[in-house]
Amino acid sequence: MNCIIRELGKSVWLHLLPFYFFTFLLFTACGEEAKEHIAPAIHDRDSVSMMTTYGVNTLISDSGVIKYRIVTERWDVNVIRQPNRWEFMKGVFFEQFDEQFHVQAYIQADTAWYFDKLKLWKLRGRVRIRNSNGLIYTSEELYWDGLRHEFYSHVFSHVTTPERTLQGSYFRSDERMTHYIVSNSKGSFVPEENSDDSSGSEPGDSTQQFQMPQRPAAQKHAKSVND
């Protein structure tokens, strides 16, 4: 009989062992302080855009008249950074129209920023412009001033027309590219049939540190070349 009782005791103990073990873990866990797993806060709010649009193909009017078409893969609007800006980090393509909706010129760049309050564009990386007169402009950086209706650049620029080819470290022009200045330039006259429409520019580095644009002093445009 004693043997049977001992065996029954062992059997009960074996069945109760998981219960005791679970109770021990439960009380142990309750004795520890609960820890919240929270991701670190995001402090750089400058990276947040108010609006992001993909696959843009839209018309833009000026004073009630359609002036431009914008085509871009991505368009970000950021009102947190100062000054406020539109960002086109995947490239941008413009068509410029006259009052009869005829294409006057096209403009393209690998990267672009538009400061809406300043009405100023900054274009970077394989910037290319062609107007209705056959002028082709290429550079790695160009500013487009909407207040003064002019273009300007402080980096190497290349201008090709049916009559000549020019290049220099400073460029300034009216918005139609009909009156322009190229300084510190080198140029040559070429026959019309031998003019080259290819820019020959290398891909630009659009990842450099961003610098705020500075408008040059106002001046009257003249169709000339300063060496």
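1. Strands, as named here, are DSSP runs of E at least two residues long, numbered from the N terminus. Thr-165 lies in one of them, β11, which covers residues 164–168. The model is predicted. Thr-165 has a relative accessibility of 19%, so the residue counts as buried; the cut-off is under 20%. The C-alpha atom of Thr-165 sits 9.7 Å from that of Leu-135, and the two residues are 30 apart along the chain.

2. Next, strand β12. This strand spans residues 170–174, and four of its five residues are buried. β12 pairs with β9 (residues 150–153) in the antiparallel sense, over four bridges. In that pairing Glu-150 stands opposite Asp-174. β12 also pairs with β13 (residues 180–183), again antiparallel and over four bridges. Here Phe-171 faces Val-182. The hairpin of β12 and β13 has five residues between the strands, and Met-177 takes a positive phi near 60° in this hairpin.

3. What does Phe-171 touch beyond its neighbours within four places in sequence? The contacts include Tyr-137, Leu-142, Phe-151, Tyr-152 and Val-159. Met-177, Tyr-180, Ile-181 and Val-182 are also among them. Two serines, Ser-153 and Ser-157, are on the list as well.

4. Phe-171 also belongs to the largest nonpolar core, which has 28 residues. Together with Trp-121 and Leu-123, Phe-171 is listed as having the most contacts inside that core. The strands β2, β3, β4, β5, β6, β7, β8 and β13 each supply at least two of the core residues.

5. On to charge pairs. Side chains of opposite charge can pair when their charged atoms come close. The count is six salt bridges. One of them joins Arg-172 and Glu-150, at 3.2 Å from N to O. This pair links distant parts of the chain: Arg-172 is in β12, Glu-150 is in β9, and they are 22 residues apart. Both partners are buried, Arg-172 at 2% relative accessibility and Glu-150 at 2%.

6. A second salt bridge joins Asp-110 and Arg-126, at 2.9 Å from N to O. Asp-110 is in the loop between β5 and β6 and Arg-126 is in β7, so the pair ties together parts that are 16 residues apart in sequence. Asp-110 is partly exposed at 22%. Arg-126 is partly exposed at 39%.

7. Asp-76 is buried, with a relative accessible area of 3%. Arg-74 is partly exposed at 28%.

8. Check the backbone too. Most residues other than glycine have a negative phi, and most peptide bonds are trans. Arg-126 has a positive phi, near 50°, and is placed in strand β7, residues 120–131. Phe-101 has a positive phi near 65°. Phe-101 lies in the loop between β4 (92–97) and β5 (103–109) and is partly exposed, at 41%. The peptide bond from Gln-82 to Pro-83 is cis, with omega near -5°. Pro-83 lies in the loop between β2 and β3.

9. Which residues form a nonpolar patch on the surface? They are Val-48, Met-50, Met-51, Val-79 and Ile-80, with about 410 Å² of accessible area together. Val-79 is in the loop between β2 (65–78) and β3 (85–88). Val-79 is partly exposed, with a relative accessible area of 38%.

Methods: Residues are numbered from 1 along each chain as its sequence is written. This is a predicted model: local features need pLDDT of at least 70, side-chain atom pairs count only at pLDDT 80 or more; totals for chains, interfaces and linings use all residues. Side-chain values use heavy atoms; hydrogens and water are left out. Patches are made of residues with over 30% relative accessible area and no salt bridge: like charges are joined within 9 Å, nonpolar side chains (Val, Leu, Ile, Met, Phe, Trp, Tyr) within 5 Å. Accessible areas come from the Shrake-Rupley method with a 1.4 Å probe; for residues, only the protein chains shown count as cover. A salt bridge is a side-chain nitrogen of Lys or Arg within 4 Å of a carboxyl oxygen of Asp or Glu. Buried means under 20% relative accessible area, exposed over 50%, partly exposed in between (1.4 Å probe, protein chains only). Two strands pair if DSSP finds at least two bridges between them. A nonpolar core is a set of buried Ala, Val, Leu, Ile, Met, Phe, Trp, Tyr and Cys residues joined through side-chain atoms within 4.5 Å. Contact means heavy atoms within 4.5 Å.
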